[in-house]
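Biologist: Please show me the sequence and the structure. I would like to ask about them one piece at a time.

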Amino acid sequence: VQLQASGGGLVQAGGSLRLSCAASGSIFRIRDMGWYRQAPGKQRELVAVITSDGSTNYADSVKGRFTISRDIAKNTVFLLLNSLKPEDTAVYYCNADVVRRVTMSPLVYWGQGTQVTVSS
């Protein structure tokens, strides 16, 4: 199973970006999907998570600005980042709790990360 993230870039404060993360491989189904971020010198932190039934949860720092969604048929999760601030600058990682087709057991996979840089 592989997760491929895309959509990062350089944007001015107040701008927007849309991140995508597509899972591929021997997938029976995906349970939760989420986005984390890690800024230089800081620990990786949860940004947002979405369950298989569409329930969402956000870090307080991004509530009202970021929106997580998913396309279950395409095994893809999205993160819309609005009203970006310089403190949102980080490498953003996606993850997915995948039930694998061969073993029928769950395992969490991570994407490679995509850089988001917000200039002031």
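Modeller: Serine 20 has 18% relative accessibility, so this residue counts as buried (buried means under 20% relative accessible area, exposed over 50%, partly exposed in between, with a 1.4 Å probe and protein chains only). The model is predicted: local features need pLDDT of at least 70, side-chain atom pairs count only at pLDDT 80 or more, and totals for chains, interfaces and linings use all residues. Residues are numbered from 1 along each chain as its sequence is written, and side-chain values use heavy atoms, with hydrogens and water left out.

Biologist: In which strand does serine 20 lie?

Modeller: Helices (H or I, at least four residues) and strands (E, at least two) are DSSP runs, numbered from the N terminus. Serine 20 touches Gln4, Ala5, Ser6, Trp35, Val77 and Phe78, leaving aside residues up to four places away in sequence (contact means heavy atoms within 4.5 Å). The run that holds serine 20 covers residues 17–24 and is strand S3.

Biologist: In what order do the four strands form the open sheet?

Modeller: Two strands pair if DSSP finds at least two bridges between them. The pairing in this sheet is antiparallel, and the order is S1-S3-S8-S7.

Biologist: Which are the edge strands?

Modeller: An edge strand here pairs on one side only. S7 pairs with strand S8 (residues 76–81) in the antiparallel sense over six bridges. The edge strands are S1 (2–6) and S7 (66–71).

Biologist: Which residue in S8 is the bridge partner of arginine 70?

Modeller: S7 and S8 pair over six bridges. The partner of arginine 70 in S8 is valine 77.

Biologist: Which residue lies over the face of phenylalanine 78?

Modeller: A charge sits over a ring if NZ of Lys or CZ of Arg is within 6 Å of the ring centre and within 35 degrees of the ring normal. Here the distance from the ring centre is 4.2 Å, and the residue is arginine 18.

Biologist: Which residue does the disulfide join to cysteine 21?

Modeller: A disulfide is a covalent bond between the sulfur atoms of two cysteines; the rule used is a pair of cysteine sulfur atoms within 2.5 Å. The S to S distance is 2.0 Å, and the partner of cysteine 21 is cysteine 94.

Biologist: How many residues apart in sequence are the parts that this pair ties together?

Modeller: At 0% relative accessibility, cysteine 21 counts as buried, and cysteine 94, also at 0%, counts as buried. Cysteine 21 lies in strand S3 and cysteine 94 in strand S9 (residues 90–100), so the parts tied together are apart in sequence by 73 residues.
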